Structure formats: C-alpha cells, structure tokens
Amino acid sequence: MNTLLDPSTQNAKQTATIELCLFAPYNEIVELLGSWNDFAPTPMTLGEDGWWRAQVSVPDGEHQYRYRVKSTSYFCLNEMVEVFDPYALSVTRGKDQDSILVVKNGQRQWVDYEWKHDANPLPANGELVMY
C-alpha cells in the first residue's frame, strides 16, 4: 500500500521530546505529572545548578502538567505538594492550576501568534510616539 495515499498516515500526530525544568535547589524530591500519561509521576533529576529536569515524549496537542515536590516550607514540611510551573505562559483556572504545554508538528509552541506587518519600516526614533 502506498503510504502517501493511506489516510491513516496523513493525519498522524507527531511526538516531541520535551525537557521540563523546575528550579528547586533545596527540595529532595521533584516529580512531573502530565496529562499525556494520565498524570503518572515521572521522577526528575537534580542538576548541580539547582534545576530539576525530566525529558518526556509528548504527542501533538494541548497538555496540562504540574510538579509534585517534597516541601521544605515550615507550614507543610516534608509533605508532597503539587505546584504549577512558574515559567509557564498559561495556567488553568480552578483548584488544580495546571500549566499548559502545546506541541504542534512535533515542536513545543511557546506563542501561537503570527507576527504581521514586519515588512513595514518604522519611522525614525525621533518621530516615534510612545504612550
């Protein structure tokens, strides 16, 4: 069968390997929870720079994720708490506050905005008006 004409291969979702990181140098345990694997905990590795990292395979689409950390805060010392990614560009509303990750064509999408009018020259700096 010709795979170019096979409809099952024409809309196949791609998968991207994404590295997710959390700066938490004083925590002992950090896990990644994501909708791409039904929020099963993925252990993260602490680097010498204080960043916890995990590389995960994520299919195209919009996904939710959060981190589970063993707290060092006095008000919940040694408890496992779930937190959103402080560097996420978008977070869900509600009790769980998950971070949102978008993968499109096998690539992580930071911003889904198509810039326009880049070909139009700007006036000279002295002629610009800032509000």
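Student: Before we look at anything, what does "buried" mean for a residue?

Tutor: Buried means under 20% relative accessible area, exposed means over 50%, and partly exposed lies in between. Keep in mind that we're looking at a predicted model here.

Student: Okay, so is Thr 42 buried or exposed?

Tutor: Thr 42 has 18% relative accessibility, so it counts as buried. You'll find Thr 42 in strand S3, which covers residues 42–43.

Student: Which residues is Thr 42 in contact with, if I skip its neighbours within four places in sequence?

Tutor: With those neighbours set aside, Thr 42 touches Val 30, Glu 31, Leu 32, Asn 37, Ala 54 and Val 56.

Student: And where is Asp 96, and how does its accessibility read?

Tutor: Asp 96 sits in the loop between strand S7 (80–83) and S8. Its relative accessible area is 47%, so Asp 96 is partly exposed.

Student: How much of the protein counts as buried?

Tutor: Of its 131 residues, 28% do.

Student: What's the idea behind a nonpolar core?

Tutor: In soluble globular proteins, nonpolar side chains tend to be buried together. In this model, the largest nonpolar core has 19 residues, and the ones with the most contacts inside it are Leu 20, Val 30, Leu 32, Trp 36, Tyr 65 and Tyr 67.

Student: Which elements give two or more residues to this core?

Tutor: Those are strands S1 (15–23), S2 (30–34), S5 (51–59), S6 (61–70) and S8 (99–104).

Student: Which residues does Leu 20 contact, leaving aside neighbours within four places in sequence?

Tutor: Among them are Leu 32, Trp 36, Tyr 65 and Tyr 67, along with Met 44 and Arg 108.

Student: And what about contacts across the whole chain?

Tutor: Take the contacts between residues at least 6 apart in sequence: 59% of them join residues at least 24 apart.

Conventions
Residues are numbered from 1 along each chain as its sequence is written. This is a predicted model: local features need pLDDT of at least 70, side-chain atom pairs count only at pLDDT 80 or more; totals for chains, interfaces and linings use all residues. Side-chain values use heavy atoms; hydrogens and water are left out. Buried means under 20% relative accessible area, exposed over 50%, partly exposed in between (1.4 Å probe, protein chains only). Contact means heavy atoms within 4.5 Å. Helices (H or I, at least four residues) and strands (E, at least two) are DSSP runs, numbered from the N terminus. A nonpolar core is a set of buried Ala, Val, Leu, Ile, Met, Phe, Trp, Tyr and Cys residues joined through side-chain atoms within 4.5 Å.
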